[in-house]
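Good morning. I will take a few minutes to walk through one structure, starting with the ligand and ending with some single residues.

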Amino acid sequence: MKAIVVQTGPENNPLAWQEVATPAYGENEVLVDIYATALNRADLLQRAGKYPPPPGASEILGLEMAGRIAAVGALVTGWQVGDRVCALLPGGGYAEQVNVPSQMLMRIPENWAFEQAAAIPEVFLTAFVNLFIEANLQEGETVLIHGGASGVGTAAIQLAKEAGCRVFVTAGTDEKVVRCTKLGAELAINYKKEDFAERIRDDTVGEGVDVILDMVGAAYFERNVRLLKLRGRLVFIATLGGAKTEINLAELMSRRLRLIGSVLRSRSLAEKIEIKQRFMNRFWALLEKGTIQPIIDSIYPIGQVNEACQRMAQNQNIGKIVLRVREID
Ligand SMILES: NC(=O)c1ccc[n+]([C@@H]2O[C@H](COP(=O)([O-])OP(=O)(O)OC[C@H]3O[C@@H](n4cnc5c(N)ncnc54)[C@H](OP(=O)(O)O)[C@@H]3O)[C@@H](O)[C@H]2O)c1
């Protein structure tokens, strides 16, 4: 089969569509013919040699895919060759085929395009686990989502809104601010034009927020902590603005705050299966109805993966950048 292989070299190693070995599939796995995959910020880091795949995972880029089952392992039940599926992957999505544990599969409705399904697993499962499991976000609470127009942000806004929460976001352009508002954010702040913390303090009459989903880290840390209400939760999912900072522990104690660090990719298969199942139980029917949906920024043929990565690296995307791996037969 063919797959995108990272060419070794300096920063921004070029990617090439090359012949590689077809993946083997185990007795509890299926082999999937991939029709579409999607970019994630982590792919840019992995490509630059700064984010190696977890032990045992494919070296090929790609944390999600949608396609048709091509072969079924001996112990798999409930799935057949030809079934349309999507799944979260620890790697291996930028390829013509991938092996997937059957319990990670999500069945996609007949009326969904593969490009739509491929844009769901990574960002919706990330938003779900961090908002509802890690931060235990509850109906009626207020959540601040940084990077509101990112893939993760566009999923998180919709899930939090559906859960009956007030949603505030930050984003870096006025166009992104407008899109976030359309998705359900009550307040969207262009952080390049105004101080998000001051604006939120004004809008909440000094109250602040219950939960913050943060991908910026050090550059926002002090302001994030000050914005949290009593028993507030701050979840870190990335450090785009730096990883090292100072903490005033007295402030954490007096307001009984919780700081939570979280990654999805390196969790055990059992944890990922549970997250996927809990997400499906709560939100899959809403995705099927179209009440919530993956926000697709753009679709590139796999041969233009370098251009697709450049768009993400320049922070131009609103929602997901999808790669079409093969045409529908
Ligand atoms: N921990 C986990 O398990 C996990 C899982 C998935 C994703 N993530 C992380 O979550 C983030 C979002 O992922 P994604 O794939 O959805 O990303 P994405 O679509 O590429 O969006 C990231 C956005 O972050 C903003 N940004 C970039 N640098 C920034 C900076 N220094 N300060 C403030 N904002 C900055 C940019 O938007 P603006 O124009 O608005 O600045 C950019 O478009 C990534 O950092 C990713 O690594 C973590």
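**Around the ligand**

Helix α3 gives the largest share of the shell around the ligand, three residues. Helices here are DSSP runs of H or I with at least four residues, strands are runs of E with at least two, and both are numbered from the N terminus. Before I go on, this is a predicted model, in which local features need pLDDT of at least 70, side-chain atom pairs count only at pLDDT 80 or more, and totals for chains, interfaces and linings use all residues. Residues are numbered from 1 along each chain as its sequence is written.

Back to the shell. There are 27 residues around the ligand, and Ser150, Gly151, Gly172, Ala238 and Leu264 come nearest. To be near, a residue must have its C-beta atom, placed from the backbone, within 6 Å of the molecule or strand in question. Which elements give two or more residues to this shell? They are α1 (41-47), α3 (121-134) and α4 (151-162).

By type, the shell divides into 13 nonpolar, 11 polar and three charged residues. Nonpolar covers Ala, Val, Leu, Ile, Met, Phe, Trp, Tyr, Cys and Pro; charged covers Asp, Glu, Lys and Arg; the others, Gly among them, count as polar. At least three shell residues come from each of domain 1 (2-120 + 295-324) and domain 2 (123-261). Those domain bounds come from an automatic or database domain assignment.

**Helix α4**

Next, one of the helices just named. α4 has 12 residues and reaches 17 Å from its first C-alpha to its last, close to the 16 Å expected at 1.5 Å a residue. The expected span is 1.5 Å times one less than the number of residues.

Is α4 mostly covered or mostly exposed? It is mostly covered, with 10 of its 12 residues buried. A residue is buried if 20 or more other C-beta atoms lie within 10 Å of its own, exposed if 12 or fewer, and partly exposed in between, with C-beta atoms placed from the backbone. Among the buried residues of α4 are Gly151, Val152, Thr154, Ile157 and Leu159. Just after the helix, Gly164 takes a positive phi of about 85°.

**The six-stranded sheet**

Now the strands. An open sheet of six strands runs in the order β10-β9-β8-β11-β12-β13, with parallel pairing. At its edges are β10 (187-190) and β13 (258-261), each of which pairs on one side only. Neighbouring strands of the sheet are turned by 15° against each other on average, direction ignored. For such angles, axes are lines fitted to C-alpha atoms, for helices over the stretch in contact, and angles run from 0 to 180 degrees between N-to-C directions.

Two strands pair if DSSP finds at least two bridges between them. Strand β9 (residues 166-171) and β10 have four bridges, in the parallel sense. Within this pair, Val169 stands opposite Ala188 in β10.

Most residues other than glycine have a negative phi, and most peptide bonds are trans. Asn136 is not a glycine, yet its phi is positive, about 50°. Asn136 sits in the loop between α3 and β8 (142-145), and it counts as partly exposed because it has 13 C-beta neighbours inside 10 Å.

Arg256 also has a positive phi of about 50° without being a glycine. Its place is the loop between α8 and β13. Why does Arg256 count as exposed? Because it has 10 C-beta neighbours inside 10 Å.

**A few single residues**

Leu63 is in the loop between α1 and β4 (64-72). It has 28 C-beta neighbours inside 10 Å and therefore counts as buried. Leu39 is 24 residues from Leu63 in sequence and 7.9 Å from it in space, C-alpha to C-alpha.

Lys244 is in the loop between β12 (228-236) and α8 (249-254). With 8 C-beta neighbours inside 10 Å, Lys244 counts as exposed. Between Lys244 and Gly217 there are 8.0 Å in space, C-alpha to C-alpha, and the two are 27 residues apart in sequence.

Last, Ala308 belongs to helix α10 (residues 305-313), and its 23 C-beta neighbours inside 10 Å are why it counts as buried. That is the end of the walk-through.
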